[in-house]
Amino acid sequence: MLGPVILAASRSDRMRRLVSAAPVTKQVVDRFIAGEDVDDVVPVIRELTGQGLELTMDVVGEDITNPAQAAAARDAYLELIDRLKPLELGTRAEMSVKLSMFGQALDGGHELALANVRPVVEAAAEIGTTVTLDAEDHTTLDSMFAIHDELRKDFPQTGCVIQAYLFRTEADARRLAANGSRVRLVKGAYKEPGSVAYLDKHEIDRAYVQTLRTLMEGEGYPMIGSHDPRLIAIGQELAHRAGRKLDEYEFQMLYGIRTEEHLRLAAEGHRMRVYTAYGTDWYGYFMRRLAEKPANLRFFARSMLTKG
């Protein structure tokens, strides 16, 4: 299977050097990474919101080895918020953060990550928007959920992500759906062992649908993170059965993938949020997008020939 191979490559320094040096790489990465710094992404934000789309912004980077790098990641998000303020977009432009960027894996990382992410959440609230905590590999999730619970005491709009391929996720969904959380459901994009995760595509899809049903029937705000046309259609049906209005859930897709579908859903009145990543440390993000669904390889290849 290609997925595990690609995920292993995402952790290889040698592969990072080879991919980064390949002449075709920049052309492909430019399609899926919105820019290297905040000056690059402000025009992208204006363009997408002008098309009726919403955004969740991600400053890419995860391999944090010291507290100074974690503080720099915090400051990068604070700079983004400062640039969002005059745009007055409110929740039309929120942020996604990986707690690994805020020092979660360092000594005392739980407390360090909470201390670094809190000012980002506070600053986001001050301009009328919010933050979603991304899910990473299964060993980090108890810490992520604990930080999520702590932040929601003061900022109840803080969101989190759950991953359908993990056995634990249905229980997490039941807990979160009962208390008004904002929850993004994705299939999952980390290399996980069969002891904690479904490895078969059909089992993952089945778990995704069951978990989405739990979220739709609950009291929270579901965010459907998928490019799969079948799952999108199922999401619409589950929302209809649950009696949800169009503003009581949303779809989320990656910047640069199925852009016509973004616009179609928005034109139909759905809330359609584009996960928009930027920054120079793009390699891990890029490789996981390939591993998530090997068919994404076709998206990336086709991107060299078309902007459709």
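Mentor: A salt bridge here is a side-chain nitrogen of Lys or Arg within 4 Å of a carboxyl oxygen of Asp or Glu. The model is predicted.

Trainee: How many residues apart in sequence are the parts tied together by E150 and R118?

Mentor: The side chains of E150 and R118 meet in a salt bridge, with 3.9 Å from N to O. E150 is in helix α7 (residues 141–152) and R118 in helix α6 (residues 109–126), so the pair ties together parts separated in sequence by 32 residues.

Trainee: Is R241 buried or exposed?

Mentor: R241 and E237 form a salt bridge at 3.0 Å, N to O. They are four residues apart in helix α10 (residues 229–241). E237 has 36% relative accessibility and counts as partly exposed. Exposed means over 50%, and R241 has a relative accessible area of 61%, so R241 is exposed.

Trainee: Within what arc do the buried residues of α11 fall?

Mentor: In α11 (residues 259–267), the buried residues are E261, H262, L265 and A266. Seen down the helix axis, they line one face, because their arc is 135 degrees.

Trainee: Where is E36?

Mentor: E36 belongs to a surface patch of negative charge with D37, D40, E79 and D82. At 53% relative accessibility, E36 counts as exposed. Its place is the loop between α3 (23–32) and α4 (38–50).

Notes
Residues numbered from 1 in each chain as written. Predicted model: local features only at pLDDT ≥ 70, side-chain atom pairs only at ≥ 80, totals over all residues. Heavy atoms only, no water. Patch = residues over 30% accessible without salt bridge, like charges linked within 9 Å, V, L, I, M, F, W, Y side chains within 5 Å. Areas by Shrake-Rupley, 256 points an atom, 1.4 Å probe, with all protein chains shown as cover. Lys, Arg positive; Asp, Glu negative; His and termini not counted. Charge placed at Lys NZ, Arg CZ, Asp CG, Glu CD. Helix = DSSP H or I, 4+ residues; strand = E, 2+ residues; numbered from the N terminus. Buried < 20%, exposed > 50% of the residue type's maximum accessible area, 1.4 Å probe, protein only. Arc of directions from axis to C-beta.
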